[in-house]
Amino acid sequence: MKKVFLIHGFEGSPNGGWRPWLMAELENRDIYACSLSMPDPENPRCTEWVEEIARHVRRNSKDEIYLVGHSLGVPAMLRYLESANASIKGAVLVSGPALKTGNEIIDDFFRTPFDFENIRSKAEKFRVIHGDNDPRVDIKEAEILSKELNAPLAIIPNGGHLNGSSGWRSLPECLNALLAMMG
């Protein structure tokens, strides 16, 4: 069975922005989707977020797993893949930072450079989606992720941070990326 786990960002929630829309669209196609409630989103700890992702993937190890991360959910997903003993089918990275931010609260996720070679070996396919005018994460970081993961990059004009505060209640580019990965 195909299963999609969504990972929200810093100060985010499972049902914010476009996540409920994406889950409903996937469910309409008989694809299981669950937006994870990440631990303490106002004071995130990388190890706790990685373990939360790992817990859900382990429980569903016989299924085809896809991950969708938004904002801080992206480096959490990448750190999970670095440490994972298993591989997943695909990962969609939305508005995700690739570099240390200078925000002490979230820099725990960037203590060491990402091992992109290892990460690439843990998922069959990657896609990157980013707003061209994201005020929180520069588009250069999406370009870094795209290059390092050999992933197509979809740039959304006037997308902002592609979150609910930017007015995003649906994100067809993410749905299309997942459906393309699933064949």
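The largest nonpolar core of this predicted model has 38 residues, where a nonpolar core is a set of buried Ala, Val, Leu, Ile, Met, Phe, Trp, Tyr and Cys residues joined through side-chain atoms within 4.5 Å. Buried means under 20% relative accessible area, exposed means over 50%, and partly exposed lies in between, with a 1.4 Å probe and protein chains only. The residues with the most contacts inside this core are I53, L67, L78, Y80, L93 and F126. In soluble globular proteins, nonpolar side chains tend to be buried together. A second, separate core has 23 residues, L26, I156, A177 and L178 among them.

The model is a prediction in which local features need pLDDT of at least 70 and side-chain atom pairs count only at pLDDT 80 or more, while totals for chains, interfaces and linings use all residues. Residues are numbered from 1 along each chain as its sequence is written, and side-chain values use heavy atoms, with hydrogens and water left out.

The sheet comes next. Six strands form an open sheet with parallel pairing, in the order β2-β1-β3-β4-β5-β6. Helices (H or I, at least four residues) and strands (E, at least two) are DSSP runs numbered from the N terminus, and two strands pair if DSSP finds at least two bridges between them. The edge strands, each pairing on one side only, are β2 (32-36) and β6 (153-156). From one strand to the next, the twist averages 15°. Axes here are lines fitted to C-alpha atoms, for helices over the stretch in contact, and angles run from 0 to 180 degrees between N-to-C directions.

Strand β1 (residues 2-7) pairs with β3 (residues 64-70) in the parallel sense over six bridges. Within this pair, L6 has V68 as its bridge partner, and I7 stands opposite G69. β1 also pairs with β2, again in the parallel sense, over five bridges; there V4 stands opposite A33 and F5 opposite C34. From β1 the chain crosses through helix α1 (residues 19-28) to β2, a right-handed β-α-β crossover: with the strands pointing away from the viewer, the path from the first strand over the helix to the second runs clockwise. Both strands are mostly covered, with five of the six residues of β1 buried and four of the five residues of β2 buried.

Helix α5 (residues 139-148) packs on the sheet and touches β4 (88-94), β5 (123-131) and β6. The direction of α5 makes about 165° with that of β5.

D40, in the loop between β2 and α2 (46-59), has a phi of about 40°. L162, in the loop between β6 and α6 (172-182), has a phi near 55°. Is each of them buried or partly exposed? D40 is partly exposed, with a relative accessible area of 39%, whereas L162 is buried, with a relative accessible area of 0%.

Notes:
Contact means heavy atoms within 4.5 Å.
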